[in-house]
Each structure stands twice: as structure tokens, then as C-alpha cells.
Amino acid sequence: MDSTIIEKLDKSRYEAMKWFTFGWILWFCGFIIKDFINNNFILGLILLIGLFGWVFYTVNLIRIVKLGKIINADEKLRNALNNELHQLYMYKSVFWGFKIVIAIICVFLGISSFYNISSLLVCEITLLFGVSSFLIAGLVYNKD
Amino acid sequence: MGNYEFRNQIKVQRAMKDITQGELAAKIGVTRKTINTIENGKFVPSTVLAIRLARFFEIKVEELFDLIEN
């Protein structure tokens, strides 16, 4: 097997994941914040940034799916790219996401003793932090 | 249980065979990153991967990897 193909695909996958994460955070932050803004100019700006993030998210999601198809078509390539180190890093990243979700829930439980919080907001923020921490941990672990 | 240090001879064996980390990775069927992390002692490979590496270098697993008690 050619080492350059493995490295090229590994780098492409990392880059796609990086911009996917960037897009996801921008888009979802904008999605949450927009409900709290009354000023039309700031709201427009946030929606624009959110749209920008959504474009990054969608384009890179398509890139990841296309790369996945290329990788899955060749068993040797798939095994090389999804080797035991990659799997270990993925488990570690999922564990980070899980720890963050538990921490966020604990924080909201504490806050709820003093204030009333919308359940939708709790879900949105937990989802944002949970998914983002999983993605960021994956990027940090897989960094060269 | 005491403290153990996991050492390996991959760098030496690679030098003897005159191959790069990328070339070794392709022969074994992993990424260069995996070979790099094993070589630097950041990642302890599975038994399967350890045997595959040892077979590639045509030496015993315990010659390639060693556990030193501190």
C-alpha cells in the first residue's frame, strides 16, 4: 500500500473535521444566541455569522461523507486509517464529551435551584458543549 | 505493582532496514502517526500490532519491545 495515499487521506480527514467543528460551533452558537438578541443589527450580524458557520459545517460534512466512501471502498485503506490508535483517540474523545455533558448538567442543576431555566435552552447548551468537546478533543488527540 | 517503562527498538530496526516511519506504516497497514507514537513511547500497541511489527523486522516481540522495572 502506498504510504502517501494513507497520509493524504488522513490529513484530508483531519482538515475536514477541523472545519466541520469550526462551522458547527459558529452555527450552533448563533442558533442559541439569536433568541436573546433584540437589536436588529446585532441579530442580523449573528445570523450572518451563523449562516457562515452553517456553510462550513455543510460543505465539510459532505467532504467527510465523500472521504468515508473512498476509505470504506478499500478494506486495507480503511483498516490503516481506522487503526487502533485512531479508535483509542475516538474513545478518549467520546469520554471527554461525556464528562463535559455530565458537568454541564450538574451546573444547570445547581443554577435551577435559584432560577427557572428553559428546558430548550438547557438541551441546546448541553448539545453544543457535548458535541463540541467531543470534536475538539478528537482534533487535539489527532494533532501531529 | 511496581512502575514499568515500556521501551522499543523500532527506531533502531528502522535504521537497520533503512525505511521511514511512513514506509513502515504502509507495510504494516497503519498511519505514520501510529508508528510515531509507538516509537516515542506515547502509545502501547496491541499484541496483534506488536507481533506484526516484530514479524516485519524478523525478530522476536521481546527483542522489539521490552518492559523495564524501575
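In which helix of chain A does A:E84 lie?

Modeller: A:E84 lies in helix α4 of chain A, where helices (H or I, at least four residues) and strands (E, at least two) are DSSP runs numbered from the N terminus. Residues are numbered from 1 along each chain as its sequence is written, and chains are lettered from A and ligands numbered from 1 in the order in which they are written. The model is predicted: local features need pLDDT of at least 70, side-chain atom pairs count only at pLDDT 80 or more, and totals for chains, interfaces and linings use all residues.

A:E84 is partly exposed, because 15 other C-beta atoms lie within 10 Å; a residue is buried at 20 or more such neighbours, exposed at 12 or fewer, and partly exposed in between, with C-beta atoms placed from the backbone. Not counting residues up to four places away in sequence, A:E84 touches B:S46 and B:L49. Contact here requires C-beta atoms, placed from the backbone, to lie within 7 Å. In sequence A:E84 is 29 residues from A:S113, and their C-alpha atoms are separated by 44 Å.

The contacts of A:E84 reach into chain B, and the interface as a whole joins 14 residues of chain A to 14 residues of chain B. On the chain A side, α1, α3 (75–81) and α4 (84–111) each supply at least two residues. That side divides into five nonpolar, three polar and six charged residues; Ala, Val, Leu, Ile, Met, Phe, Trp, Tyr, Cys and Pro count as nonpolar, Asp, Glu, Lys and Arg as charged, and the others, Gly among them, as polar.

Another part of the contact between the chains is made by α1 (residues 3–33) of chain A and α2 (residues 21–28) of chain B, which pack at an angle of about 95° with their axes 8 Å apart. Axes are lines fitted to C-alpha atoms, for helices over the stretch in contact, and angles run from 0 to 180 degrees between N-to-C directions. The angle makes α1(A) roughly perpendicular to α2(B), a term for 65 to 115 degrees, with under 35 roughly parallel, over 145 roughly antiparallel and the rest oblique. A:S3, A:I6 and A:E7 of α1(A) meet B:G22, B:E23, B:A25 and B:A26 of α2(B). Those residues comprise three nonpolar, two polar and two charged.

A:I6 and B:A25 also belong to the largest nonpolar core, which has 14 residues. A nonpolar core is a set of buried Ala, Val, Leu, Ile, Met, Phe, Trp, Tyr and Cys residues joined through C-beta atoms within 7 Å. A:I6, B:A25, B:I28, B:V30 and B:I35 touch the most other members. At least two residues each come from α3 of chain A and from α2, α3 (32–39) and α4 (47–57) of chain B. The largest share, four residues, belongs to α2(B). Apart from this core lies another, of 10 residues, including A:F20, A:L26, A:L135 and A:A137.

Within α3(B), B:K33, B:T34, B:I35 and B:I38 are buried. The buried residues of α3(B) pack against α4 of chain A, the helix that holds A:E84, and also against β1 (4–8), α1 (10–17) and α2 of chain B. Just after α3(B), B:G41 takes a positive phi of about 75°.

A positive phi, of about 60°, is also found at B:E58, which is not a glycine. B:E58 sits in the loop between α4 and α5 (61–64) of chain B, and is exposed, with 8 other C-beta atoms within 10 Å.

On the chain A side, A:S112 is in the loop between α4 and α5 (119–142). A:S112 is exposed, because 11 other C-beta atoms lie within 10 Å.

As for confidence, pLDDT is the predictor's own figure for each residue, from 0 to 100. Among the elements of chain A, α4(A) has the highest mean pLDDT (96) and α3(A) the lowest (89). The mean for chain A is 92, with 99% of its residues at 70 or more; chain B also has a mean of 92, with 97% reaching 70 or more. For the complex, the predictor gives an ipTM of 0.84 and a pTM of 0.86.

Note on methods
Two residues are in contact if their C-beta atoms, placed from the backbone, lie within 7 Å.
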